[in-house]
Amino acid sequence: FETAKAELDNPILLELESTLRLVEENDVILIDDARMFTGFDQCQGNYNSECFPAVTDLKKIVCRLKPSWTFALEDDMIRIESGGAAARRDERAARTKKDKSKKSKSEKAGKK
């Protein structure tokens, strides 16, 4: 079973660099299947399989182009975001936790 291939087997490094040049302060970049980013050397010459760069290669590009942005791996996902975007995410999470706590307390009070 053959498929058409581009000039590059996996252009993620070029795509990430291009994306980082265009993003704005409040943007977030998500890359799924983080487990696949084991490095091109893992192909061991078998370039018929999909080859991915190492996570550290992605992180180097982020550090070079957006040094103040965070780079995190969680649940097979790479999250790249500005400090402002991370702060807003944390605020939303805190509000959600607070709302759940209020709801739980009111449900317990209603059962008494």
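Predicted model: local features only at pLDDT ≥ 70, side-chain atom pairs only at ≥ 80, totals over all residues.

Visitor: What else does glutamate 17 meet in a salt bridge?
Guide: Arginine 64, at 3.3 Å from N to O. Arginine 64 lies in helix 2 while glutamate 17 is in helix 1, so this pair ties together parts 47 residues apart in sequence. Glu17, Arg21 and Arg64 are linked in a salt-bridge network.

Visitor: How many salt bridges does the structure hold?
Guide: There are 5 of them. Another one joins arginine 35 and aspartate 76, whose closest N and O atoms are 2.3 Å apart.

Visitor: Where do arginine 35 and aspartate 76 lie?
Guide: Both are in loops: arginine 35 between strand 1 and helix 2, aspartate 76 between strand 2 and strand 3. So the pair ties together parts 41 residues apart in sequence. Arginine 35 counts as exposed at 53% relative accessibility, and aspartate 76 is partly exposed at 30%.

Visitor: Changing topic. What pattern does the chain follow along the sequence?
Guide: It goes α-β-α-β-β-α, with 3 helices and 3 strands.

Visitor: What order do the strands take in the sheet?
Guide: The order is 1-3-2, in an open sheet with antiparallel pairing. Strand 1 (28-32) and strand 2 are at the edges with a single partner strand each, so one side of each has no neighbour in the sheet. On average, neighbouring strands are turned by 15 degrees against each other, ignoring direction.

Visitor: Where do helix 1 and helix 2 go, then?
Guide: Helix 2 (residues 55-65) packs on the sheet and touches strand 2 and strand 3, its direction making about 155 degrees with that of strand 2. Helix 1 (residues 12-22) lies across strand 1 and strand 3, at about 165 degrees to strand 1.

Visitor: How many bridges join strand 2 to strand 3?
Guide: 5 bridges, with the strands running antiparallel. Glutamate 74 stands opposite methionine 77 there. The hairpin has 2 residues between its strands, and aspartate 75 takes a positive phi near 55 degrees.

Visitor: Last one: what share of the chain is buried?
Guide: Buried residues make up 24% of the 112 residues.

How values were computed:
Residues numbered from 1 in each chain as written. Heavy atoms only, no water. Pairing = 2+ DSSP bridges. Helix = DSSP H or I, 4+ residues; strand = E, 2+ residues; numbered from the N terminus. Buried < 20%, exposed > 50% of the residue type's maximum accessible area, 1.4 Å probe, protein only. Axes fitted to C-alpha atoms, helices over the stretch in contact; angles between N-to-C directions. Contact = heavy atoms within 4.5 Å. Salt bridge = Lys/Arg side-chain N within 4 Å of Asp/Glu carboxyl O.
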